2 protein chains.
Amino acid sequence: MHQPDRVSLREVAPRDGLQNEPPVSTQDKIRLIDALSRTGLSRIEAVSFVNPKAVPQMADAAEVWAAVEKHPGIRYSALAPNLKGVQRAIDAGFTAVEVVISASESHNQANVGRSVADSLAEFPDICALARDNLAGVEAIIATSFGCPFEGDIAPGAVAEIVDAATEAGIDRIAFGDTTGMATPRRVNELLDAVDTELPLLMHFHNTRGAALANLLTALDRGVTEFDASVGGLGGCPFAPGASGNVATEEVVHMLHDMGIDTGVDLAALIGVAALAQDIVGRELESGVLRAGPRTPLK
Amino acid sequence: MHQPDRVSLREVAPRDGLQNEPPVSTQDKIRLIDALSRTGLSRIEAVSFVNPKAVPQMADAAEVWAAVEKHPGIRYSALAPNLKGVQRAIDAGFTAVEVVISASESHNQANVGRSVADSLAEFPDICALARDNLAGVEAIIATSFGCPFEGDIAPGAVAEIVDAATEAGIDRIAFGDTTGMATPRRVNELLDAVDTELPLLMHFHNTRGAALANLLTALDRGVTEFDASVGGLGGCPFAPGASGNVATEEVVHMLHDMGIDTGVDLAALIGVAALAQDIVGRELESGVLRAGPRTPLK
């Protein structure tokens, strides 16, 4: 199997994690982001600019972002569902934004309240706005490996969105395993179908236990960028009680033992996972948090 | 990545699972084994013959075995720590036995109360006894990927046990990831070091989230036999609260989506995972049990 020397991780607990938890205080969000900024992570998805009525967890996004420490070596990003959200992110000072679109029509309707075509139609304006403000813009394609409403998603449908996004001027693509439907087969089939020069990132949920197997498959295919959430923070709104994002410390723990560099201090990261657990007030489902690393860390 | 057409699973919940839980009734053990026998599984580790003072959970092993339905297509096995236990298993009517030995000196002392050399010295007598009774005998090498007391285990030390076991007349080898210390790197290094014609099986724990990634690595290296435990039943005595064995339904779910046959009816298996959960009276940590399969089963 092929493996790279280095993997780049984006930490998504402050946004994707906390967005799927009962609301926590602004102060706790700031504490979490500041703690993550001291672990060696190079990318952090900090907040989202979404409708506060739909997602009260992120209503204080601008306030959180204004207060956190900004480390020069870290790329902080904000997620937005549309042009308006991207504008708010840029107004708040972000230079990296992510716009989310679903490969599945019904999930796009449920998630951002419009058709896939309507989401795509806004991409050129989003890209122009980002360009005018010297910001990078990534398209996150949710339900890339399957949809809780529609079932399997044809890899060709995902590839068409990649093509349209590339055409519109998007800088990067992320494939979201929104409800943990990916398997090694789905990862391979998606990568077989997609043809782009843009940097690709994969975002796996561990809903059905296969997140690290999927990550390994993606590594073998040359993907070197992944999302992960400290403590596995976040859930899956379509599978109550099920685990959500793959835990960053489980990813780092495995990659480091394989000799793959992430730049992350695993001991510090486990400390932040414990902090995240305190903040949300429930036991998080991270094996490395519970059992510790396989051997003591130096 | 290489993948086989078919994988053979051995279900270990009745033994390895229940041995790490507070004792359950004889009747519940029989119910669990009988339910497993109807899922299409071809191998079930039913009980162990160990010191009932050390492992009260298995004190009724002969009684359980006498009462369960024996399906002709299923290979049922019993685990034993020594010659005496193998004799008891054979006396009870088993034609497949597993003798456990640790790659780590201190774990062998903790687990079976003697040195690795003393365990190995009994292997020829165990093999002769099995042969005389037309029984197959497998050596399970615990702590093959790391030891909670000693840390990393040299793959060469595991290979030496494989050689000694082969020499003694053992029929099959299993590598136990006793406390979830395996990673894809450790799987590869172990398979690089071992040189044998005997059938190999791997037994992964999901303590640190990497069980399915390890399984995928082993598949790529040609291993096609794995242990798994329905509902992920069982724990890890050295990591309280941590998850134990990889859940059989998570393994089957991933393999089937990859087009790899296991012979198992996934819907029936999930039903048995729910039964196992009822029997032990705590929520089991199986994503497929909690969230269901990625798409509805036919």
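Trainee: How many residue pairs are in polar contact between chain B and chain A, both at pLDDT 80 or more?
Mentor: This is a predicted model, in which local features need pLDDT of at least 70, side-chain atom pairs count only at pLDDT 80 or more, and totals for chains, interfaces and linings use all residues; side-chain values use heavy atoms, without hydrogens and water. Residues are numbered from 1 along each chain as its sequence is written, and chains are lettered from A and ligands numbered from 1 in the order in which they are written. A polar contact is a pair of N or O atoms within 3.5 Å; within protein, one must be able to donate a hydrogen and the other to accept it, and residues adjacent in sequence count only if both atoms are side-chain atoms. Between chain B and chain A the count is 18 residue pairs.

Trainee: Which element gives the most to the side of chain B that touches chain A?
Mentor: Helices (H or I, at least four residues) and strands (E, at least two) are DSSP runs, numbered from the N terminus. On that side of chain B, the elements giving two or more residues are α9 (184–193), α10 (211–220), α11 (248–257) and α13 (287–291). With five residues, the one that gives the most is α10(B).

Trainee: How many salt bridges are counted between chain B and chain A?
Mentor: A salt bridge is a side-chain nitrogen of Lys or Arg within 4 Å of a carboxyl oxygen of Asp or Glu. Asp257(A) and Arg185(B) meet in one through their side chains, at 3.7 Å from N to O. Over all chains the rule gives 44, and between chain B and chain A the count is eight.

Trainee: Which residue forms a salt bridge with Glu189(A), the closest N and O atoms being 3.0 Å apart?
Mentor: Both partners lie in helix α9 (residues 184–193) of chain A, four residues apart, about one turn of the helix. The partner of Glu189(A) is Arg185(A).

Trainee: What area is buried between chain B and chain A?
Mentor: The contact (heavy atoms within 4.5 Å) takes 35 residues from each of chain B and chain A. In chain B, Met1(B), Arg208(B) and Arg294(B) lose the most area to chain A, together 25% of what that side buries. Buried area is the accessible area (1.4 Å probe) that two parts lose on being put together, summed over both. Carbon and sulfur atoms give 56% of a total of about 2,900 Å².

Trainee: Which residue in β8(A) stands opposite Leu9(A)?
Mentor: β1(A) and β8(A) pair in the parallel sense over four bridges. Opposite Leu9(A) stands Phe226(A).

Terms used
Pairing = 2+ DSSP bridges.
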